[in-house]
Amino acid sequence: MALRNKKTAILLVICQIVFIILFGVFVDYAPDADARHPGNSHDQNGTDHENNSLKMYYPMFQDVHVMIFVGFGFLMTFLRRYGFGAVGLNFLLAAFVIQWSLLVQAFFEVGQHGGGRFEIDVTTMLTSDFACAAVLISFGSLLGKASPIQLITMALIEIVIFTINEHIGVGLFSAVDVGGSMYVHAFGAYYGLAVARVLYKNSHKENPKEESNYHSDLFAMIGTIFLWMYWPSFNSALAPADDQHRAVLNTYLALAACCVVTFAISSLTDAKGHWDMVHIQNATLAGGVAVGTSADMMLHPFGALMVGSVAGMISTLGYKYLTPFMANRLKIHDTCGVHNLHGMPGVMAGVIGAIMAGIASTQEYEYEDIHEVFSLVQPGIGRSAMAQGAYQALALAVTLVFAIVTGALTGLLLRLKIFDQPEGGMIHDDAAWWGTPEDFTVEVVNGNKSAKGLMTEMEDK
Amino acid sequence: MALRNKKTAILLVICQIVFIILFGVFVDYAPDADARHPGNSHDQNGTDHENNSLKMYYPMFQDVHVMIFVGFGFLMTFLRRYGFGAVGLNFLLAAFVIQWSLLVQAFFEVGQHGGGRFEIDVTTMLTSDFACAAVLISFGSLLGKASPIQLITMALIEIVIFTINEHIGVGLFSAVDVGGSMYVHAFGAYYGLAVARVLYKNSHKENPKEESNYHSDLFAMIGTIFLWMYWPSFNSALAPADDQHRAVLNTYLALAACCVVTFAISSLTDAKGHWDMVHIQNATLAGGVAVGTSADMMLHPFGALMVGSVAGMISTLGYKYLTPFMANRLKIHDTCGVHNLHGMPGVMAGVIGAIMAGIASTQEYEYEDIHEVFSLVQPGIGRSAMAQGAYQALALAVTLVFAIVTGALTGLLLRLKIFDQPEGGMIHDDAAWWGTPEDFTVEVVNGNKSAKGLMTEMEDK
Amino acid sequence: MALRNKKTAILLVICQIVFIILFGVFVDYAPDADARHPGNSHDQNGTDHENNSLKMYYPMFQDVHVMIFVGFGFLMTFLRRYGFGAVGLNFLLAAFVIQWSLLVQAFFEVGQHGGGRFEIDVTTMLTSDFACAAVLISFGSLLGKASPIQLITMALIEIVIFTINEHIGVGLFSAVDVGGSMYVHAFGAYYGLAVARVLYKNSHKENPKEESNYHSDLFAMIGTIFLWMYWPSFNSALAPADDQHRAVLNTYLALAACCVVTFAISSLTDAKGHWDMVHIQNATLAGGVAVGTSADMMLHPFGALMVGSVAGMISTLGYKYLTPFMANRLKIHDTCGVHNLHGMPGVMAGVIGAIMAGIASTQEYEYEDIHEVFSLVQPGIGRSAMAQGAYQALALAVTLVFAIVTGALTGLLLRLKIFDQPEGGMIHDDAAWWGTPEDFTVEVVNGNKSAKGLMTEMEDK
């Protein structure tokens with residue numbers, strides 16, 4: 001056990017040292033943050049607070065930052081014996097990915113455009129946080145079932161593939177996705193599910209530790225509510241002017257409708273008509289994913305409400321019927337139900353995005369604005385709206401195939417003994433990795449082992 | 001029970017469908033968020049991030065959003081067996097009201113100014129969130145005692161009356177209320193108290209489930225602190241320039257003083273000198289309400305501290321002495337003590353606003369600025385300061401009468417059997433509406449029923 | 001007991017009344033918030049939302065505000081029986097210090113520049129919140145061991161000394177410290193540690209109530225994560241343009257590296273390789289402190305990562321080895337380990353700041369920009385970079401000496417019987433000061449007393 005955990009620590013130390021070296025070689029400040037940049041000095045009237053890009057993006061960046069660290073972190077604390085792991089590993093993974101993702105972006109940038117260094121500023125902080133989201137979504141499907149070293153290794157691989165996929169979709173196809181519903185949510189979900197499938201063990205199913213308690217459910221609601229509130233920032237942070245304003249409105253409305261419909265469907269599908277906290281914690285957010293690709297398009301308010309409503313319905317039904325089916329029949333055990341919150345709504349977002357792009361017209365967009373939303377579309381000159389719709393669909397398809405294939409391959413790698421996949425009493429249990437306080441007693445799950453024996457077993461590993 | 005809960009779900013589905021249709025007919029993007037608006041496109045230099053109204057209002061909007069969903073939601077989790085209901089119903093009601101309030105605003109707008117659609121943008125998101133606050137305050141007085149269907153019906157009615165009242169006060173009387181202390185807080189409180197009075201049952205009194213536990217009190221503090229911190233945004237979000245700056249300062253100072261005084265009075269009124277978490281969770285916020293109407297007026301820093309100090313004192317004394325009196329003698333049972341946090345401080349805010357308006361002079365306001373704060377006041381030409389003060393008082397009086405009368409009528413409606421008012425073991429208990437985890441055991445409150453019998457009773461309903 | 005608590009309350013009432021009077025005499029709105037200021041009115045095109053300083057600083061102010069009230073408040077809830085005290089006293093102290101700190105600033109301002117009043121606006125709200133941080137850091141070293149009246153008295157004294165020290169460092173030496181790592185963190189830590197040393201009692205050591213439980217550790221993580229996320233705002237809030245942008249980037253990167261290294265060292269120093277929640281809750285933040293003084297300097301991204309990495313290592317090792325040593329050998333019992341989170345990293349920050357200032361050159365800073373970062377440095381004309389480095393070191397040394405000496409003197413004062421230092425069962429226990437719910441039972445810590453006896457003892461005091 002000690003050795004296993006220290007192996008993880010040594011990997012972290014090595015990575016951190018390598019990160020520092022690579023940052024030294026490849027990364028530097030963007031002009032807006034660089035004291036060497038002439039435009040920044042006082043006397044040239046360059047020190048203009050309002051025009052520094054920081055002011056433009058920072059408030060929304062912080063909203064996204066809260067979603068990543070508080071939102072995802074606390075959302076996953078619902079397990080009654082894995083709260084430290086949820087918020088703690090979320091913290092570690094995100095802090096790790098922030099650095100690694102900047103480096104991978106740097107490799108691509110320097111690789112493509114040659115010489116010089118990758119310049120970071122508040123917008124690359126945003127793209128780094130988006131990359132975190134993909135990894136944390138994958139983590140959600142593996143919550144409680146993967147060792148820290150598996151998760152860190154997965155993060156190292158996933159970020160590379162995530163970045164390649166985004167370059168194909170955005171760079172090659174010019175398929176837009178303002179809220180990252182395809183490139184972040186669908187990618188992260190299907191990649192994670194593929195890993196979960198390959199790592200599947202029978203002990204993942206019907207594990208008595210895979211339960212919440214009353215207060216762990218309340219901790220999870222902290223995550224839910226912060227994700228829900230700040231999602232408009234996630235879907236609009238990098239969009240310009242009216243596109244951003246529209247993305248905020250559409251996301252806000254989609255989430256409001258999604259919340260209402262989730263409550264309705266949760267009750268309607270329960271024998272006693274009770275609400276299920278799993279649905280309220282998760283499916284209420286599906287509207288933010290489902291509207292992500294088309295958030296800056298001309299959905300109109302009623303369209304945003306429709307998207308949110310359908311997403312809430314699909315997501316809740318997914319938690320109710322599809323998750324157990326996938327676990328029992330397909331051996332895909334999805335701890336947080338990311339398929340319902342990020343997978344299906346992400347696909348839905350991609351499809352809606354393709355349709356909205358396909359029907360985009362100069363009736364709905366001022367001539368120059370259509371070009372602003374869909375960079376290559378210029379009716380009569382450049383790409384047609386219909387073609388844009390097709391490229392959007394293509395980007396979605398490539399994302400799904402790419403995520404599933406590379407996720408499965410990653411899973412195969414992570415099954416190697418060296419990655420110490422947890423089993424038995426270690427699953428969904430903080431005792432395996434954390435110093436725990438006195439009230440966190442050992443819990444025997446399989447009857448035939450004494451508490452003492454279990455603890456020793458866990459510690460010996 | 002199942003039927004009862006599913007009835008609520010069906011109402012939600014119907015409302016959501018109607019909302020979508022009405023949004024399609026009545027609501028569209030404001031120009032700042034509309035891709036069809038010529039001023040928004042790149043080539044006309046219209047895509048100016050800084051000048052889009054989103055940038056001006058969005059950070060404060062998000063602060064208010066946090067107050068509504070985290071602030072109100074977690075503040076009410078103090079009950080040891082109603083945490084899901086507190087944060088969950090708060091979430092549902094607010095998501096519901098966001099939509100409904102936009103529609104009611106649309107009806108008034110389209111009704112008054114004819115043709116076209118109601119245009120939404122970040123400022124209507126703010127007014128919608130303010131409307132949520134009114135409903136959530138009313139919810140506070142009913143916490144644990146009303147069924148979801150009662151609350152949703154109340155929200156449908158309350159928003160219409162809230163909007164009418166605000167139109168009378170702002171439109172007819174030009175009575176200003178920058179922080180909504182009269183139109184939101186006092187209205188929401190007295191409306192809710194009137195409903196609570198009509199719905200009163202003996203089981204509301206001295207219910208052993210109306211208690212906190214150690215951790216539920218800490219969850220509630222999450223709500224308190226977020227409300228306290230972001231209240232300056234609530235009181236200033238829609239004010240311009242220096243008025244906004246002044247409203248922030250006044251609210252910040254009033255809240256600081258209010259917190260200090262609340263701690264003092266809480267201890268002084270306790271036999272052992274102990275602090276009472278109910279006071280700390282609630283009365284510390286009263287300064288934000290009490291300074292709401294006059295926040296953008298020339299209170300001066302010492303005036304803001306005085307307002308906050310008095311509010312903290314009144315509110316704490318209210319919790320200590322008035323709440324039990326109202327419950328025992330007047331049959332007004334006020335679960336969250338909204339009378340102390342929103343009612344009395346709201347009235348105080350209105351009175352201070354009237355006085356400050358009445359004594360406003362060109363000594364204290366640059367000539368044009370007085371006009372900016374009190375839209376109709378133009379000494380020597382338009383309305384006099386004294387007249388403005390009278391109109392402020394009139395708006396307060398109308399608000400109170402309107403809230404109490406319509407609240408009582410709403411209560412009468414909600415007593416109908418079809419609205420399933422909870423009773424007995426269902427009161428202050430999540431088990432009636434929520435799937436609950438294993439550690440949330442059935443609790444017998446009236447001795448003569450077995451736990452099993454109680455549960456069956458609750459489930460049968 | 002009752003008397004003791006009421007004495008505190010009476011002190012609060014007196015202070016609040018005095019504060020109101022002093023605000024009336026010494027404090028008024030700054031022009032940007034003053035309706036009498038001609039530039040603010042509509043018709044002179046003065047009402048320009050974008051140019052009011054509120055817009056420039058308010059979002060970051062709110063981030064800092066969240067750090068003070070949610071961050072510090074919840075971080076300290078880790079003790080299983082002192083959660084009310086942690087978040088409650090944090091709330092009271094900060095609300096108290098906000099006012100007192102504005103007054104002390106006013107005394108200095110009016111004293112130095114004569115006549116008129118101290119003008120407050122959003123920037124003084126920021127400096128007030130920074131002052132709170134110093135007091136709350138000192139509070140951290142005393143958590144659970146000091147009476148409220150001791151803490152309030154300490155705050156009254158500490159703010160005066162804090163302000164003097166900052167005037168010496170910034171005013172006299174022109175030693176810069178953008179994130180306040182010397183003037184706020186190191187000062188607050190060493191001042192608090194000196195107080196803790198003088199107040200030391202044997203019962204502070206190995207107290208069975210100085211423990212967390214599973215959920216108190218999760219509440220503490222709320223504080224940790226909010227501090228971690230918003231720290232870039234703390235370190236950059238008052239810096240201009242590119243300096244601010246750079247401070248954000250450096251802090252963001254330092255914190256990311258610090259988090260990763262903390263996880264690694266925490267595991268490597270544990271026999272079982274387990275992570276220790278104390279380290280994760282605290283040492284992950286040390287990077288924000290350590291980079292504070294040099295955050296706006298040209299550290300470059302790799303430099304920021306290095307600073308964060310070293311800080312995480314030092315801080316974790318401090319919690320592991322130094323804190324027990326200090327408690328056992330030096331009789332310095334440091335409940336929250338502020339020496340590891342604010343003390344050593346604060347000193348490290350000062351040293352790095354001095355080095356970075358000493359090597360600052362016109363290669364690394366555009367000529368005018370070096371002047372912007374280090375106000376007096378103007379190579380060839382004014383102060384040299386090397387001299388600036390020396391002044392930075394001097395400011396650090398003065399801060400440390402000043403903090404320790406005045407802290408010890410403060411501690412001597414607070415030992416007077418009138419300040420009611422808690423002992424025995426009162427230590428680390430909310431029961432001494434708070435009304436507590438039923439599930440918070442009396443806990444006997446020294447075996448030879450009945451629960452009943454203990455409670456009576458605590459109540460009698």
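This is a predicted model: local features need pLDDT of at least 70, side-chain atom pairs count only at pLDDT 80 or more; totals for chains, interfaces and linings use all residues.
Let me start in chain C, where the side chains of C:Asp243 and C:Arg246 meet in a salt bridge, with N and O 3.4 Å apart; by that term I mean a side-chain nitrogen of Lys or Arg within 4 Å of a carboxyl oxygen of Asp or Glu. Both residues belong to helix α8 of chain C, where they sit three residues apart, about one turn of the helix, and both are buried, a word that stands for under 20% relative accessible area, while exposed stands for over 50% and partly exposed for what lies in between, using a 1.4 Å probe and protein chains only. When I name helices and strands, I mean DSSP runs numbered from the N terminus, with helices being H or I and at least four residues, and strands being E and at least two.

Residues are numbered from 1 along each chain as its sequence is written, chains are lettered from A and ligands numbered from 1 in the order in which they are written, and side-chain values use heavy atoms, with hydrogens and water left out.

C:Ala241, found in helix α8 (residues 241-268) of chain C, has a positive phi of about 35 degrees although it is not a glycine. Most residues other than glycine have a negative phi. C:Ala241 is also buried, at a relative accessible area of 4%. In chain B, B:Asp420 has a positive phi of about 55 degrees, again without being a glycine; B:Asp420 lies in the loop between α14 (385-414) and α15 (451-460) of chain B, and is buried at 13% relative accessible area.

Which residues does A:Arg36 pair with? The side chain of A:Arg36 meets that of A:Asp28 at 3.2 Å, N to O, and A:Arg36 also forms a salt bridge with A:Asp34, where the closest N and O atoms are 2.8 Å apart. A:Arg36 counts as partly exposed, at 30% relative accessibility, whereas A:Asp28 is buried at 9% and A:Asp34 is buried at 8%.

Finally, we come to the meeting of chain B and chain A, where 85 residues of chain B are in contact with 68 residues of chain A, contact meaning heavy atoms within 4.5 Å. The area buried between them is about 6,500 Å², of which carbon and sulfur atoms give 73%; this is the accessible area, taken with a 1.4 Å probe, that two parts lose on being put together, summed over both. How many salt bridges are counted between chain B and chain A? The count is one, and in it the side chains of B:Arg36 and A:Glu364 meet at 3.9 Å, N to O. On the side of chain B that touches chain A, the elements that each supply at least two residues include α1 (2-26), β1 (27-29) and α2 (53-75) of chain B.
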